[in-house]
Amino acid sequence: MTEITTQNELMQPRGYWSDAIRRLRKRKLAMLCFWIVAIYAGLAAFIWVGDILVTHFGWKIPLVQWNEHVGPSYQKPAAHYEFVPEMKTESQKGWCLLGTDFMGQSTFRKTLYGAKTAMMVAFCASIISILIGVPLGALAGYYRGWVDDAIVWFYTTLGTIPYILLLMAFAVVLRGAHIGPWELRGSVSVYLAIGLTSWVGLCRLIRGEIIKRKESEYVLAARAMGCSDFRILFFHLLPNVFHIILINFSLRFVSFIHAEVILSFLGLGETDKPSWGAMIDAARTELARDVWWEMAAATVAIFIISLALNIFSDALRDCLDPKLRMD
Amino acid sequence: MTAFIIRRLLYMFPIVVGVLLVTFTLFTLIGGDISQQIAGKNADAETIAEIRHEYGLDKPLFWSWDSQFVNHFKKALFFDFGRAMDRERISAKILRGIVPSLMLTVPMFIGEIIAAVSLALIIAYVRGTIWDVSAVVICVAGMSIPYLSFIIFGQYFFAYKLDWFPIIYLPEEPMIKSVGLPILIGILASLGGELRFYRTIMLDEMRNDYVRTAFAKGLSTTRVLFKHVLKNAMIPIITNVVLTIPHLILGSFLLERFFGIPGLGYLMIEAIGARDFFVINAMTFIFSLLIVIFTLLADICYAFVDPRISLK
Amino acid sequence: MSEHEILLSVQNLSTHFFTQQGVAKAVQDVSFDIPAGHMTALVGESGCGKSVTSLSILRLIPDPPGKIIGGKIIFKGQNLLEMSEGRMRAIRGNDIAMIFQEPMTSLNPVFTIGNQIVEVISLHQGIKGKAAWDMAVDMLTKVGIADPARRVQEYPHQLSGGMRQRAMIAMALSCSPSLLIADEPTTALDVTIQAQILELLKKLQNENRMSILLITHDLGVVAETAQTVVVMYASRVVEKADVHSLFASPRHPYTQGLLRSLPRLGQRRKRLDVIGGSVPNPVAFPGGCKFHPRCPIGAKDPHCQACEPPLQEIQPGHAVACWYAQGYRR
């Protein structure tokens, strides 16, 4: 608990990021959570690649093939079971971890696929959100004047509409909508819906930070050297607010996962691929028949990633926020 | 003070116009021509054209006095929302839905505040101890469980298995039984996040110097918390609370859907399912208006509670 | 209480802070006495432990991470460190009061000055209502605030810095404590206001026969107001004396360095004298005498590097913690 730090170690100059990483490393719980998140991300990537390979190239990767009939309808989780698949006469044996759903598909595989859905949605929505929120916030904060007024008006307007309403409205409208010649698939409409409605908070934050830092000495120095506004914004100011963007990203990630779950539950997401929200939706009627494993699997999967992300984001914020640093 | 209010009211206008612009863009421009949808699947071209004319969808979008946008704007100003796809007047639908929604959300709101604030004070009392740490862990865990799971599990366990409450909303039953379960679930589900938020506020306040002075005067911890810290903490808490009020009226749509409570949230979900743009449009406008009004109220409250702020 | 009777005696006080970086031994084996009716100054640089010492007297150390791990504090015949929390609360604000450095943040911004003064009066003296408010107005007059009847209804942000500090003093003295602990009361104020506040403190001390423990890093203030001086460095007391002896013949190299670095009127100097080096980190103090790395005499002395000098009286009323001052020669 109490380490003896030598005088030398205390006096070494430390860069901001290496310092933050060092402090983060010391917190065992946070590092554990980081690895949990990394596992989820890794699984999602694996399934994403696997999915493409299976559907477009005809590979056979059992874990990714979620729509394979592995057992009878509503099979409980069991170590051994036998069943006779359609159109076959002999029985097939196997073990299933989490049981099967109505169509005999493996809950376990569906849960894994759901991870991919959730992570993809959260990631793409985050990117969209950052790509809109950060530049707008930076421009508003830097130029002030009418640019600021216009952008503030815009995000106040969007922010006035209740988030869930806006989200659902976007999701409904974007499904089947056409951008030019292309029709939007369910999943893309979800990314857009969440991304387009969630950038307001980040925008406000960045704008506030840019305003605070606009008059700092290093900006003055850069201007005196003849840097263009663009250079100052992108190479001097934004790198200094990067940690805020990072913290915001990890905090928002959880809420995006939950938003995706709600959207899928309402049938506004991608309906032909498994997702945790759809699994929970199915559970509504299933529970009455004592079929608990689909909902349990989805809930536990969501719970673990949310918990890990929450703890990690907190630790990240503590380590990166200069004001909270107590050592 | 009056100058402040007037200025803020004036600022409301561009926002309201903005909201109308957003809803218009969303539902008319991107949503596309819905006359086909209204007419139904087997309508012929003539019926569709008739419907287009009836709903004014054949008018130009923006650039005329009689354009769709201007009409959209005018109708909103006079709260004339027209009819939903099922031909019922939207205003009637809304008025019908308000009471059930409020019946659910008002008790939930009051319960949440009392529970979260008192628990936050207690946790601030025992800060740093094992109780504090466990409380934080429970809160974070609660925040990580999806809202849906809370509802489904609650419904399954308390209504289906234990049979303490009816599974769905039955208007004949006394209120405590009919909406008791959704209220309970709603409070428990949001308690995690709220408690964590209030706890942070309390702890931030406790770090201030005046707390040290208060202890140096010989005040007990209870006194310091309930008098000094609470009054300061109320400032962010009240603003937060006032801003939540408009959301009360929207109703908790998930709870309403699961328990079959015919409130505004349920109305909203139905509209979304049926892609009834008129209803969605109307409700979005009303709620945005409410939020704008309550944001103003929150600012005024803030000035009342904090003697350092004077409204200019 | 007669003159020269000891009001508060701090004996071998040790307060440590247990942090993730290690144990910060903020106060180690500190002993000094506060005579009745005297102004005792506790002097030292930032981080030497003087504030922690004063907070330890009133047992206001935040736990976690801090803990008073040893010693005794005898006040009116009783050990404060062994008292129950309830009895301690009865002493705080009543027998021993404290004022702090930043009056703006140390006063509660959402209550009026009057409310905060009345609170103390009601708590310890049981007087409520109008009588209490009258007493509050009375106190404000005593501390020199003009138009007290109006000021008593105002909020802290409506007063100037000097007035806020006066209001804090009024609050602290409203129950006529025997000891006032003043933690850097003038550091945050302008020089002219500083002088006024110090005058006020001296006046009140005389009027109320009160002792004051003045914590400061400003030697000028010490020379002007204190009668006894306790010098601290890196969690320990390095020198204790009455003010005249200290300024006339400081015996500890640290004190000497401090006094030498004070610019004097009429002195023709190009550069100020400084004490080389910097204050050590409380988590990792140097071994032996804590001051030895910066000491002009003891830096190379193996005895100073290895052994911590005890605080010893070398003349009546003048104690030093330095081997060389105690007569050691290499």
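In strand E4 of chain C, Phe75(C) is the residue opposite Leu8(C). The two belong to an antiparallel pairing of E1(C) with strand E4 (residues 66–75) of chain C, which runs over eight bridges; strands pair if DSSP finds at least two bridges between them. Helices (H or I, at least four residues) and strands (E, at least two) are DSSP runs, numbered from the N terminus.

The model is predicted: local features need pLDDT of at least 70, side-chain atom pairs count only at pLDDT 80 or more, and totals for chains, interfaces and linings use all residues. Residues are numbered from 1 along each chain as its sequence is written, while chains are lettered from A and ligands numbered from 1 in the order in which they are written.

**Confidence**
- Chain C has a mean pLDDT (the predictor's confidence in each residue, from 0 to 100) of 88, and 99% of its residues reach 70 or more.
- For the complex, the predictor gives an ipTM of 0.86 and a pTM of 0.77.

**Strand pairing in chain C**
- Strand E1 (residues 6–19) also pairs with strand E2 (residues 22–35) of chain C, in the antiparallel sense over nine bridges.
- Val30(C) in E2(C) stands opposite Leu13(C).

**The eight-stranded sheet of chain C**
- An open sheet of mixed pairing has the strand order E6-E7-E8-E3-E9-E10-E12-E11 (chain C).
- Strand E6 (96–99) and strand E11 (312–315) of chain C are at the edges with a single partner strand each, so one side of each has no neighbour in the sheet.
- From one strand to the next, the twist averages 20°, with axes taken as lines fitted to C-alpha atoms (for helices over the stretch in contact) and angles running from 0 to 180 degrees between N-to-C directions.
- Strand E3 (residues 39–43) and strand E8 (residues 211–216) of chain C pair in the parallel sense over five bridges, and Thr216(C) in E8(C) is the bridge partner of Val43(C).

**Chain B against chain A**
- Contact (C-beta atoms, placed from the backbone, within 7 Å) involves 30 residues of chain B and 29 residues of chain A.
- On the chain B side, H1(B) gives the most, with eight residues.
- That side divides into 21 nonpolar, eight polar and one charged; Ala, Val, Leu, Ile, Met, Phe, Trp, Tyr, Cys and Pro count as nonpolar, Asp, Glu, Lys and Arg as charged, and the others, Gly among them, as polar.

**Domains of chain B**
- The domain assignment, automatic or from a database, gives domain 1 (2–77) and domain 2 (98–305) of chain B.
- Their contact takes twelve residues from domain 1 and nine residues from domain 2 of chain B.

Notes:
Contact = placed C-beta atoms within 7 Å.
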